[in-house]
Amino acid sequence: MYYTNIFNDNFVEDVFNELFGGTTDRSCGCETDKRPAPPKRVAQMKTDLIEKEKDYIFEIELPGFDKSEVKIELKDNYLTVSAEHQENKEEKGPDVKFLRRERHYGMRQRSYYVGENVNKEAIKASFNNGVLTIDVPKPEPKEDEKVTIAID
């Protein structure tokens, strides 16, 4: 499973790793023709993360999915989005032979760290034209408890 920390993600390094198929670590001693394999990503759940004054907006691409196939959970400060697409075998008869199969059936899942003290009841989600939009309010800052100590 691929985790994204919205507060400290190495976005620039990840982009360069994906573009050039290597690592941005200068100490790897790699020769140019022997680059390490690019990191494995969940390409089917590409996400735009937008920060507003009071909340974060997640826009997650889920093309081909129906609203009923998508599930969102918040557990241990992680927002987990999962989607499962089942192949409809009833539409295809026994005499059907595929020449090429490019569509993927199965489960996709991705988790995002959203921080502590998130108001769970204020999280909202909508699904429109294959894009899941989740509105997560920013965590409320913890107020330091002020304790007055009596002097004897």
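Tutor: Helices (H or I, at least four residues) and strands (E, at least two) are DSSP runs, numbered from the N terminus. This is a predicted model, where local features need pLDDT of at least 70, side-chain atom pairs count only at pLDDT 80 or more, and totals for chains, interfaces and linings use all residues. Residues are numbered from 1 along each chain as its sequence is written, and side-chain values use heavy atoms, with hydrogens and water left out.

Student: Which pattern does the chain follow along the sequence?

Tutor: The chain has one helix and eight strands. Read in order, the pattern is β-α-β-β-β-β-β-β-β.

Student: Which residues touch the most other members of the largest nonpolar core?

Tutor: A nonpolar core is a set of buried Ala, Val, Leu, Ile, Met, Phe, Trp, Tyr and Cys residues joined through side-chain atoms within 4.5 Å. Buried means under 20% relative accessible area, exposed over 50%, partly exposed in between (1.4 Å probe, protein chains only). This core has 16 residues, and those touching the most other members are F58, I60, L62, V81 and I134.

Student: Which strands each supply at least two residues of this core?

Tutor: In soluble globular proteins, nonpolar side chains tend to be buried together. Here the strands are β3 (55-61), β5 (78-85) and β8 (131-137).

Student: How far from D55 is the nearest side chain of opposite charge?

Tutor: D55 lies in strand β3. D55 is buried without a salt bridge (a side-chain nitrogen of Lys or Arg within 4 Å of a carboxyl oxygen of Asp or Glu). Lys and Arg count as positive and Asp and Glu as negative; His and the chain ends are not counted. The nearest such side chain is K52, at 5.5 Å.
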